[in-house]
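Dear colleague,

Please find below the structure that I am handing over to you. My findings follow it.

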Amino acid sequence: MKYVDEFRDGDRARGLAAALRQEAQPGRHYRLMEFCGGHTHAVFRYGIPDLLPDNIELVHGPGCPVCVLPTGRLDMAMRLVLDHPEVILASYGDMLRVPGSEHRSLLQARADGADVRMVYSISDALELARANPQRQVVFFGIGFETTTPPTALGILEARRSAVDNFSVFCNHVLTPAAMQAILDVDPASEESVEIDGFIGPSHVSVIIGSDSYAFCAGQYHKPVVIAGFEPLDVLQSILMLVRQLNEGRAEIENQYTRAVTSQGNARAQQVVREVFTLRPTFEWRGLGQIPTSALAISDDYATFDAEKRFAMRYVPAAGTKGCECPAVLRGAKKPIDCKLFATACSPESPLGSCMVSDEGACAAYFTYGRFREDALQRQSQQRAVVKARRQA
Ligand code: SF4
C-alpha cells in the first residue's frame, strides 16, 4: 500500500491546500468541472471541498456511464427482455437499478419474469451464452472509452469461438464529444454552464491519450488537467488549473503521468476501430442529442449487434418527474438542488440514474453524508409548513 499512501499524505495535502489559498486570486471565481464521476466521488470521499478556498468551485460533470444513458435506451433493454422470452439480458449491476419509464427498473422486470442476470464483465456474458446454447444472450454494453475495448474483445472472441447465440446492445459513448457539447452551449442559453477548465478523466485518458483534448485548449481556450483519483492527484490538478488560469494559459496538462500518455493505448484503440463505428448522433441524458458521440457495432460484426438481431427501436422517453438528473449532469445544478434528494430518492430507492451508480453525483453527496442532514432538515421544515397550513 506504500504507493497509495503516498498519494493520501495529510501533510502534503495541507501543503497543496495552502498553495491553493495563496494562489487563488481574490475577486476571481474559478469554476472547474470534474468530468468523471470517479473524481466526484474522490472529491467528497476525501473532503476536498473543505480544503479549497471559497472562490474555487467544483462543478460535477456527466462522466458516469450509467447516469448519462437516457431513459429511452433503458426502455429498449426492458422491451427486449420482456418481449423475447428466449433472451437472457446480461448487465452490470448498476444498470439493473436505474428507473426506466415503462417499468421501475430491470430488477422490477426480472420480478415480472424477465431473465435478467448481473455480470461483472462481457466474459461472464459470453460464458452464459456458452452455457445456454438454446437461449439468446444479450450483453448490455455501456461505458466510456475505458470499457469499450473489453466489449470489442468480447465480440472478437464470440466470432473466433463461433458463439452464435451472443450479441451486444451497444451503448458506448465518447468523452471528447460530450466535453465539446458542454463547451458548445450558447452562453446566452438557460442550459449554459460557465466552465473555466476541466479536471480531465484519468481512466478514459489511459485509452485515448491526453492529445484527445487538444480542441478544448485550441478551439475554446479552456485548460484541461488530466488527474489521478487519489486526493493529492485531485488537489495538485486543481492547483495546476488555477496556475494556468492565473497566467492566462489554456493547455492540456497531464498530472496522471504514471498511467496516461499523449497518444494513449494504441492496441486498445485498434480493437475498438476494428469492431465499432461512429453513430451519426446519440442522445445523452441531460445533454440531448450529440453528433458522433457514441459507437455502434460495425457492419462487419453486425451479427453480434443486438439492435439489428432483434430489430430494437429507440423511442425517446422522459425520466422520473421532478428528478433533476439532466441538470445535475450538465453541471447546472447540484444534487441538493433536487427536491427529491434524500427525501424520496436515496441509494436504496433511487428515482434517477445519478443516485444509482458509484460514479453518480447524487450518490456521492448521499454516500458521504455531508449534505444529507441539510436535505433532511429541509424536508422536515417543508412538512412542518404543510402541517401548519393544514391546521390553519
Ligand atoms: Fe434524480 Fe434522485 Fe438525483 Fe434528484 S436526487 S436528481 S431524483 S437521482
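Of the contacts in the chain between residues at least 6 apart in sequence, 76% join residues at least 24 apart; two residues are in contact if their C-beta atoms, placed from the backbone, lie within 7 Å. Please note that this is a predicted model, in which local features need pLDDT of at least 70, side-chain atom pairs count only at pLDDT 80 or more, and totals for chains, interfaces and linings use all residues. Residues are numbered from 1 along each chain as its sequence is written.

Overall form

Along its principal axes, the C-alpha trace spans about 65 × 65 × 45 Å. The chain holds 17 helices and 13 strands, which are DSSP runs numbered from the N terminus (helices: H or I, at least four residues; strands: E, at least two).

Domains

An automatic or database assignment supplies the domain bounds: domain 1 (2-63 + 175-254), domain 2 (67-172 + 266-309) and domain 3 (325-391). The centres of domain 1 and domain 2, taken over C-alpha atoms, are separated by 31 Å. Eleven residues from domain 1 and 14 residues from domain 2 take part in their contact. On the side of domain 1 that touches domain 2, β2 (56-63), α9 (175-184) and α10 (203-208) each supply at least two residues. The residues of that side comprise seven nonpolar, four polar and no charged. In this classification, Ala, Val, Leu, Ile, Met, Phe, Trp, Tyr, Cys and Pro count as nonpolar, Asp, Glu, Lys and Arg as charged, and the others, Gly among them, as polar.

Ligand

The ligand is surrounded by 15 residues, of which the closest are C323, C338, C345, G352 and C362; a residue is near a molecule if its C-beta atom, placed from the backbone, lies within 6 Å of it. This shell has 13 nonpolar, one polar and one charged residues.

Buried residues make up 47% of the 392 residues. A residue is buried if 20 or more other C-beta atoms, placed from the backbone, lie within 10 Å of its own, exposed if 12 or fewer, and partly exposed in between. Leaving aside neighbours within four places in sequence, A77 is in contact with L89, L106, F140 and F169.

Individual residues

E34 is found in strand β1 (residues 30-36) and is buried, because 27 other C-beta atoms lie within 10 Å. Beyond its neighbours within four places in sequence, E34 has contacts that include H39, L58, H60 and I199.

H221 is not a glycine, yet has a positive phi of about 55 degrees. H221 lies in the loop between α11 (214-220) and β8 (224-226) and counts as exposed, with 12 C-beta neighbours inside 10 Å. A311, also not a glycine, has a positive phi of about 50 degrees. A311 is in the loop between α14 (306-309) and α15 (325-330) and is exposed, with 8 other C-beta atoms within 10 Å.

Yours sincerely
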